[in-house]
Amino acid sequence: MNLDLSAHWSLGGVDIPGRLVLAPMAGVSVQAFRRQGRRYGAGLVCSEMVSVAGIQHRNERTLGYLRVGADEHPLAIQIFGSEPEAMAEAARMVEAAGADIVDMNFGCPVKKVTKTGAGASLLDDPDHACRLVDAVASATELPVSVKMRRGVENSSRVCLDVGPRLVEAGASSLTLHPRSAKQMYTGTADHSLTAELVSLVDVPVIASGDVTSRARAQSVLATTGASAVMVGRAAQGNPWVLREIMGDDREPSREEVVAELVLFMRETVRELGDQRAFGFLKKFYGWYLGRGRVPRPFKQELVQLPSLDEVEARLFEAAPGARFVLERLLSELPDPADEVLLDSLPISIYGGG
């Protein structure tokens, strides 16, 4: 078994330069997060899930615009919904946006998603799940991937029945998070199910769940035969875990942590605007500055500050050398002119709806 995490692999003809995938996470996977993930070693990055109902109903928040940066590729944009025609329309928009892969969410356990017949609830209706995959695969030239859980119930093995059928319907890859929808994020991911799924399908399988270190990533690859591993919550405010998984276990300095946080803040403001970014970013302060990197009162102080300018100034007070690290990071970013701005399209997608 080849455990080289830097090895290339193919997803429906798309070359993926590494076996580490950065997960799609609602309220997290904005462009700044994805671009950072690519810099720290992710071979594939994914948008947070985009509501096709929001696209259909021209929801302003869902329709905002999504920038696709030159440094994001290969990029998967994830969609969720329960109506074949709407999913097909969304897939066409994902292709027009410049994504490399259309990812379908059959795993979200959140009630506001499952009660609409989307997300993990689709695992209880395999026929309809297959209709959705067929509609999307027929609507786009891009490869289609599907992210799913083991099933809705804790003891479920339905993923092993549904997975092969989704491949027959047109899926070029499957991602399995082997927890049930009822588990949410409690307990542990049962990757024996991942190994069984790998044995049942002839497309790449991505193993998701509890991948938090290089040792764990290699263990999951070795025991499942998966083509890649997906990292999610462990990378929130912590791109250094991606670096460690790829073989560089240097601990970041305080200056490096602050510089990455400030860059993330600035890029998020550029994407979301000041008002939305202000509230969105608050959870990231604790994520970046946790793990004993700064005292807890300092994180609380940042949350109470009335503007992002003041947050940035306070961060630089705490780590003056971060300004020099930030200058280097900025110099390495691609020209913003290389981004694709979707406001030229008849409809555009922002994965924050």
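Tyrosine 288 counts as buried at a relative accessibility of 1%, where buried means under 20% relative accessible area, exposed over 50% and partly exposed in between, with a 1.4 Å probe and protein chains only. The model is predicted, so that local features need pLDDT of at least 70 and side-chain atom pairs count only at pLDDT 80 or more, while totals for chains, interfaces and linings use all residues. Residues are numbered from 1 along each chain as its sequence is written, and side-chain values use heavy atoms, with hydrogens and water left out.

**Aromatic pairs**

- Six aromatic pairs are found in a search of the whole structure, a pair being rings of Phe, Tyr and Trp (its six-membered ring) with centres within 6.5 Å, where planes under 30 degrees apart count as stacked, over 60 as edge-to-face and the rest as tilted.
- The ring centres of tryptophan 240 and tyrosine 288 are 6.3 Å apart and the planes lie at 85°, so this pair is edge-to-face.
- For phenylalanine 264 and tyrosine 288, the centres are 6.0 Å apart and the planes at 45°, so this pair is tilted.
- Phenylalanine 264 is in helix H11 (residues 254-272) and tyrosine 288 in helix H12, so their pair ties together parts 24 residues apart in sequence; helices are DSSP runs (H or I, at least four residues), numbered from the N terminus.

**Burial and cluster**

- Phenylalanine 264 is buried, with a relative accessible area of 2%, and tryptophan 240 is also buried.
- One aromatic cluster is formed by Tyr40, Trp240, Phe264, Phe280, Phe284, Trp287 and Tyr288.

**Charge over a ring**

- The charged end of lysine 283 sits over the ring of phenylalanine 280, 4.2 Å from its centre, the criterion being NZ of Lys or CZ of Arg within 6 Å of the ring centre and within 35 degrees of the ring normal.

Notes:
Helices (H or I, at least four residues) and strands (E, at least two) are DSSP runs, numbered from the N terminus.
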